[in-house]
Amino acid sequence: MSIPHRGRNVSEEKAGAEQVNTTRSMVLCALGAVIGLVIAGIGLFSARGTATHNVPPEDIALVNQRPVLRSDFVNQLESETGEPFDQATRAEKLKVLDEMIREELLVQRGLELDFAETDQMTRNALAMAMDQQALAEVTTSQPSEQQLREFFDKNPSRYASDGILTVRHLVVPAMQQAREAVMELRANTPVEQVIAKYGLTEPRNDGEEFYFAAKIHLGDAVYAEALKLKDGEVSEPLPTADGIHIVKVIKDKVPVPLPFERARLQVLTDFKNAQQERLMAATMRFLRERSKILIASDYTDYKP
């Protein structure tokens, strides 16, 4: 009689032990899950890609928490300028920084549209694709004749025949010589004779030149003085950092305004270019305004 009774106690004890082991396993699993979530949360909020208000030292900027690396910044600046980074001007550095931020904004927008991101060539192509997509409507649309005429009327200086300037440009070593040389030139003494008499130099004599070429060769100050003169007139001595200059205008064929019909093709090109510039400027303003851009502390003078 006692043996069956003892058997029932063993079975009950075994069942109780199994229940305790199951409960313990569930508790341990739950505890492990909680610990895992805590660790994941700590990693999530301390990871590099999470929001931060500081730019890491290895980055030049963060654009929507995506880094623009200093090493890439240095490489791109040296590639564009052809100079060592330390020799680049602040203006050159800020220009390259703006280009890289602009590229990053376009790349991120491209990724939103499911473009692929791989190497630098792809990034360049992606930024270009975004440019083209933004400008596609302007490129394919045709403005009305009224729009073109209004643009033509607002920009009359763009549409004229090319001005042609023929001058003799002389450099004089001393002011007294310059004054005497001017007097002789105004008395119609041949230019070559005046050059020989006063030891003048003539940097170059290209004969007839379009205005833009004459401006390059003469320099802004001398070119501006030449445009004030009529055919045959001689300027006053013009002191500059590189010497005293005299210019005699042989002939000035001033630009003549073109009628709309002759300028229409150029007006159409300029109109579309102006539209594209406005549209791209608006696109970049939109992308910048919706983005959070952090700049490294040593580049806080960057202005987009």
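**Salt bridges**

I began with a search of the whole structure, which finds 16 salt bridges, a salt bridge being a side-chain nitrogen of Lys or Arg within 4 Å of a carboxyl oxygen of Asp or Glu. I note at once that this is a predicted model, in which local features need pLDDT of at least 70 and side-chain atom pairs count only at pLDDT 80 or more, while totals for chains, interfaces and linings use all residues. Residues are numbered from 1 along each chain as its sequence is written, and side-chain values use heavy atoms, with hydrogens and water left out.

I looked up Glu145 and Arg264, whose side chains meet in a salt bridge at 2.4 Å, N to O. This pair links distant parts of the chain, with Glu145 in helix α5 (residues 145–154) and Arg264 in helix α10 (residues 260–289), 119 residues apart; helices here are DSSP runs of H or I with at least four residues, strands are runs of E with at least two, and both are numbered from the N terminus. Glu145 is partly exposed at a relative accessible area of 37%, and Arg264 is partly exposed at 31%. For these words I used under 20% relative accessible area for buried, over 50% for exposed and the range in between for partly exposed, with a 1.4 Å probe and protein chains only.

I then took Glu261 and Arg149, whose side chains form a salt bridge at 3.2 Å, N to O. Glu261 lies in helix α10 and Arg149 in helix α5, so this pair ties together parts that are 112 residues apart in sequence. Glu261 counts as exposed at 57% relative accessibility, whereas Arg149 counts as partly exposed at 39%.

I also recorded Asp206 with Arg204, a salt bridge in which the closest N and O atoms are 2.5 Å apart; Asp206 is partly exposed at 36% relative accessibility, and Arg204 is partly exposed at 42%.

**Helix α7**

Which residues of α7 are buried? In this helix (residues 191–198) I found Val191, Val194, Ile195 and Tyr198 to be the buried ones. Seen down the axis of α7, these buried residues fall within an arc of 100°, so they line one face of the helix; the arc is that of the directions from the helix axis to the C-beta atoms. I keep in mind that an α-helix has 3.6 residues a turn, so residues three or four places apart point the same way. The buried residues of α7 pack against β3 (164–172), α6 (175–186) and β6 (243–253), contact meaning heavy atoms within 4.5 Å. On the face turned away from the buried side I noted the exposed residues Ala196 and Lys197. After α7 comes Gly199, whose phi is positive, near 65°.

**Strands**

I traced an open sheet of 4 strands in the order β4-β3-β6-β5, with antiparallel pairing, where two strands pair if DSSP finds at least two bridges between them. β4 and β5 (238–240) stand at the edges with a single partner strand each, so one side of each is left without a neighbour in the sheet. β3 and β6 pair in the antiparallel sense over 9 bridges, and Leu165 stands opposite Asp252 in β6.

Elsewhere I followed strand β1 (residues 59–63), which is joined by 4 bridges to strand β2 (residues 66–69) and runs antiparallel to it. Asp59 stands opposite Leu69 in β2. The two strands, β1 and β2, form a hairpin with 2 residues between them, and Asn64 in the turn has a positive phi of about 55°.

**Two phenylalanines**

I looked up Phe85 in the loop between α2 (70–81) and α3 (90–112), and found Phe85 buried, with a relative accessible area of 17%. Leaving aside neighbours within four places in sequence, Phe85 is in contact with Phe73, Val74, Leu77, Glu78, Lys93 and Tyr299. Phe85 and Phe73 are 12 residues apart in sequence and 9.5 Å apart in space, C-alpha to C-alpha.

Phe210, by contrast, lies in strand β4 (residues 209–210) and is partly exposed, with a relative accessible area of 40%. Together with Phe212 and Ile216, Phe210 forms a nonpolar patch on the surface, with about 360 Å² of accessible area in total.

Note on methods
Patch = residues over 30% accessible without salt bridge, like charges linked within 9 Å, V, L, I, M, F, W, Y side chains within 5 Å. Areas by Shrake-Rupley, 256 points an atom, 1.4 Å probe, with all protein chains shown as cover.
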